[in-house]
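Here are my notes for your first look through this one. Keep the viewer open and follow along point by point.

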Amino acid sequence: MERSKRTRLVHGGTKRSQWGEMSEAVFLTQGFVYETAEAAEARFVKAGDDEFIYARYGNPTMRMFEERLSGYLGFEDGFACASGMAAVNGALMALTKSGDHVVASRALFGSCLYVLEDVLARFGVEITLIDGTDNAAWEAAIRDDTRLVFLESISNPTLEVIDLAHVCKVAHAKGALVLCDDAMATPVYSYARACGADISIVSTTKHVDGQGRMLGGMICGTKELIRGPIEAYMKHTGGAMNPFTDWTHLKALETLELRVRAQSQGALELVEALNGHEKLNYVRYPTHAAHPQHALAQSQSEAGGTVFCFDIKGGKEACFRFLNALQTVLISNNFADAKTIATHPATTTHQRLPQEQKDILGITPGLVRLSVGLEDTQDILEDLLQALESA
């Protein structure tokens, strides 16, 4: 029987022990025992799908989580990583070598830019950064010798939207792989697979855990890529997810759709209420009409995720007055939590970017990123409105 995506979030990849437990088991073990020396030898030659060697390579809890999330996203397989950045670094390092060419959108999280411009470049990989919203820029930058392209489907924190299907078409015509960071799009509204991306990188710290507890990441793609170069790199460099995190994430997947759909609806309602406010230069949410790329966003996904941003008139000083006046909304640098979070990117998450780069990306002194939680939407709105009076 074909199960819906929501049902697969509850049952996908389940493996039960001989005890028949209802809740998935967490296997807190470093290694595994073999019945004979011959069995050990055979497993090291080639381990089967349900055969394990060492926790750094994988274990039953990790395998359940990998199968459940990658299947939900429409990919053949996945590798669970210690953090979202471990997934980004692992995918990029595993799939490139000295002399390769990588094209990436310039609107990337600061740590992603570090991996590209400092780590990969140090090992002889040529990096070209472009305006990811410009289709012609992709066409001009992707060459016959381009190994892969890397982008955020929705950029953090300014929520730029990339025409992912076009990028995949151009890249594949040149034989390049497409790696898509799906953090802002959310697993629920991800369109990476539908648009043709070869790899979806998920920061499971965000919506999957979604409750401020665990760091995690996942690299999703074809079995050939995941169980080939990516698994080889990850298992030898120690970037695998902790089994307890795997188990916590498994349980969180059961409520993922309920949480993300409620948060995304709340985000849209808040944007509707704040759009046109006298203290704001603009409000941006991908699928709302006030976003300059809303038509593209609507063509790719049914919702714009759990995060929106707005620019407060008066710059940093007004922003700080606003942030300090908040009573329910919390000031932090994370997003996709059950609690609503306000972030001032220019002085926190993107502080280290040169001012010229901040200007290009639209990270202004007045920019606030708001991650909508699971509180009552009216309570969040009232808090934002009273805080704006202080801005």
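1. Let's start with the rings. Rings of Phe, Tyr and Trp (its six-membered ring) pair if their centres lie within 6.5 Å; planes under 30 degrees apart count as stacked, over 60 as edge-to-face and the rest as tilted. A search of the whole structure on those terms turns up 5 aromatic pairs. One of them is Phe308 with Phe310, a tilted pair with 5.9 Å centre to centre and 40° between the planes.

2. Before going further, some housekeeping. This is a predicted model, where local features need pLDDT of at least 70 and side-chain atom pairs count only at pLDDT 80 or more, while totals for chains, interfaces and linings use all residues. Residues are numbered from 1 along each chain as its sequence is written, and side-chain values use heavy atoms, with hydrogens and water left out.

3. Back to Phe310, which has another ring partner. Phe310 and Phe322 form an edge-to-face pair, 5.7 Å centre to centre with 90° between the planes. Phe310 sits in strand 9 (residues 307-312) and Phe322 in helix 14 (residues 315-325), so this pair ties together parts that are 12 residues apart in sequence. (Helices, H or I of at least four residues, and strands, E of at least two, are DSSP runs numbered from the N terminus.) Ring pairs link Phe308, Phe310 and Phe322 into a cluster.

4. Phe308 comes out at 0% and so counts as buried. Phe310 is buried too, at 2%, and Phe322 is buried at 1%.

5. Now look at strand 9 as a whole. 6 of the 6 residues of strand 9 are buried, so it is largely enclosed by the rest of the structure. Val307, Cys309 and Asp311 cover one side, and Phe308, Phe310 and Ile312 the other; all are buried.

6. Which strands pair with strand 9? Two strands pair if DSSP finds at least two bridges between them. Strand 8 (residues 280-284) pairs with strand 9 in the antiparallel sense over 4 bridges, and Leu280 stands opposite Ile312. Strand 12 (residues 367-371) also pairs with strand 9 in the antiparallel sense, over 5 bridges. There, Phe310 has Val368 as its bridge partner.

7. (Axes are lines fitted to C-alpha atoms, for helices over the stretch in contact, and angles run from 0 to 180 degrees between N-to-C directions.) Strand 6 (residues 199-202) and strand 7 (residues 217-221) run antiparallel and are joined by 3 bridges, with Ile219 as the bridge partner of Ile201.

8. Contact means heavy atoms within 4.5 Å. Helix 3 also packs with helix 11 (residues 243-253) at an angle of about 40°, their axes 8 Å apart. Residues of helix 3 that meet helix 11 include Phe65, Arg68 and Leu69, and those on the helix 11 side include Trp247 and Leu250.

9. Just after helix 7, Gly175 takes a positive phi of about 80°.

10. Finally, two charges over rings. A charge sits over a ring if NZ of Lys or CZ of Arg is within 6 Å of the ring centre and within 35 degrees of the ring normal. The charged end of Arg193 sits over the ring of Phe75, 5.7 Å from its centre. Lys206 has its charged end over the ring of Phe335, 5.1 Å from the centre.

Terms used. Buried means under 20% relative accessible area, exposed over 50%, partly exposed in between (1.4 Å probe, protein chains only).
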